[in-house]
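Have the sequence and the model open as you read.

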Amino acid sequence: EWLCLTDQGWQRYGPAEEAELEAAWARVQQGAAQGGLVRVRGGSNEVNVARMVQHIAGQPGVGVRNVQRKGHGGTPRPGSSRPRVGWFHHSDLLKWERYPREDERALDAAWGLLEAGLHDAGLVPVLQGRCQVDLRAMVQHDAGRPDRSRRSVTRVIGSGRKSDAEGETAEMQGQLARLQAEKAFRDSIANIHPDVRYRVVSVEPLHPSPALAERHRRFREGLPPGVPRDALHVFHTCGSDVVARIEAEGLRPAQCDVCMGVIGWQNHDRGYFGDHTRGVYVSMHPDYTFYYEKKRNPVAGDEGQVLMLELVPGRTKTFSKMEEGAPPTPGYDCHRSPNGLEYYAWDGDSLAGRGSGRALPVWLIRWRAEASHAGLVHET
């Protein structure tokens with residue numbers, strides 16, 4: 001049986017796909033350099049049999065999903081690239097930590113027994129016995145206390161081509177980070193436009209400049225005692241031509257000719273919850289920002305991109321109603337709209353019209369809008 005880990009759990013491939021996957025598996029085990037890629041899901045995806053992952057066809061780093069082959073035995077021939085398995089537990093936002101080697105060996109052994117129906121409990125002691133992993137639920141908890149300190153656990157397939165543990169771990173960490181970023185994007189969709197749904201086309205890491213990262217860090221560490229320092233995932237839609245500048249300098253406040261007096265006064269959007277020339281706007285929900293891709297609501301067939309950023313709100317003032325063009329409130333670091341759809345943040349740089357260090361860009365997510373089936377109960 002060949003299976004793929006989807007949002008709905010492990011799903012089996014069709015008979016024809018399984019036959020092709022099995023043939024490709026045999027070629028890989030014989031050390032063949034070619035033939036390890038198999039088209040599946042109507043050709044929209046590929047399975048890399050050497051790495052035991054599925055991805056978007058022609059895009060190895062996009063939409064990566066784990067694949068497994070149940071009921072197999074034997075040892076790969078010398079020189080073949082046997083996939084390696086790494087075990088990780090979720091310790092913080094977008095951060096996974098790998099288990100020690102002895103724990104991984106115990107988890108692998110128990111996983112095999114569980115799949116064969118020989119391991120009833122699925123509980124494995126880890127971290128020198130302080131914790132247990134429940135393989136059925138894929139969570140870690142305090143030993144003997146399933147309700148305490150629960151952490152998600154994941155099993156990741158690596159390529160097996162890097163013999164050093166650090167390189168192998170880095171490869172798996174990259175896969176995990178992309179998957180977690182995609183999940184955060186999906187979880188943040190607010191269904192602002194119910195006529196469409198969104199397919200993730202790609203998830204690419206961004207690399208904020210050291211200077212921008214340092215400004216972000218200084219703000220976080222400079223908050224008064226008692227003010228939360230946790231970062232939120234927030235989103236901002238912008239054109240492709242400014243992504244590199246945002247990585248280097250951060251989001252810039254609006255360069256508005258009207259507000260800055262370059263042209264005569266006229267009615268326009270000055271920022272519903274703060275002066276848009278002195279601070280920056282982000283949203284907790286990516287689809288709330290998609291209007292700005294084409295200055296209209298998205299429709300089926302549209303494609304776009306959105307930045308995922310990390311924002312530490314700091315001292316936040318929540319507005320009860322719109323206050324267009326409101327100045328930054330003294331004693332606060334952020335304005336929040338009544339329903340939490342918009343955050344307006346500022347710092348000394350944004351007040352001077354420069355790029356702000358408040359929101360740190362971490363991912364660029366490309367999406368495609370498709371027609372939604374919401375409300376479709378029966379075919380007619």
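Which residues do ring pairs link into a cluster? They are Y198, F290 and W367. This is a predicted model, where local features need pLDDT of at least 70, side-chain atom pairs count only at pLDDT 80 or more, and totals for chains, interfaces and linings use all residues. Residues are numbered from 1 along each chain as its sequence is written, and side-chain values use heavy atoms, with hydrogens and water left out.

**Aromatic pairs**
- Rings of Phe, Tyr and Trp (its six-membered ring) pair if their centres lie within 6.5 Å; planes under 30 degrees apart count as stacked, over 60 as edge-to-face and the rest as tilted.
- The count by this rule is 9 aromatic pairs.
- One of them joins W2 and W25 edge-to-face, at 5.9 Å centre to centre with 70 degrees between the planes.
- Both W2 and W25 are buried (buried means under 20% relative accessible area, exposed over 50%, partly exposed in between; 1.4 Å probe, protein chains only).
- Y291 and Y292 also pair edge-to-face, with centres 5.4 Å apart and planes at 90 degrees.
- Y291 is partly exposed at 34% relative accessible area, and Y292 is partly exposed at 44%.

**A charge over a ring**
- R358 has its charged end over the ring of F219, 3.9 Å from the centre (the rule asks for NZ of Lys or CZ of Arg within 6 Å of the ring centre and within 35 degrees of the ring normal).

**Around A300**
- A300 is partly exposed, with 46% relative accessibility.
- Leaving aside neighbours within four places in sequence, A300 contacts V196, A369, E370 and A371 (contact means heavy atoms within 4.5 Å).
- A300 and R197 are 103 residues apart in sequence, yet 8.1 Å apart in space, C-alpha to C-alpha.
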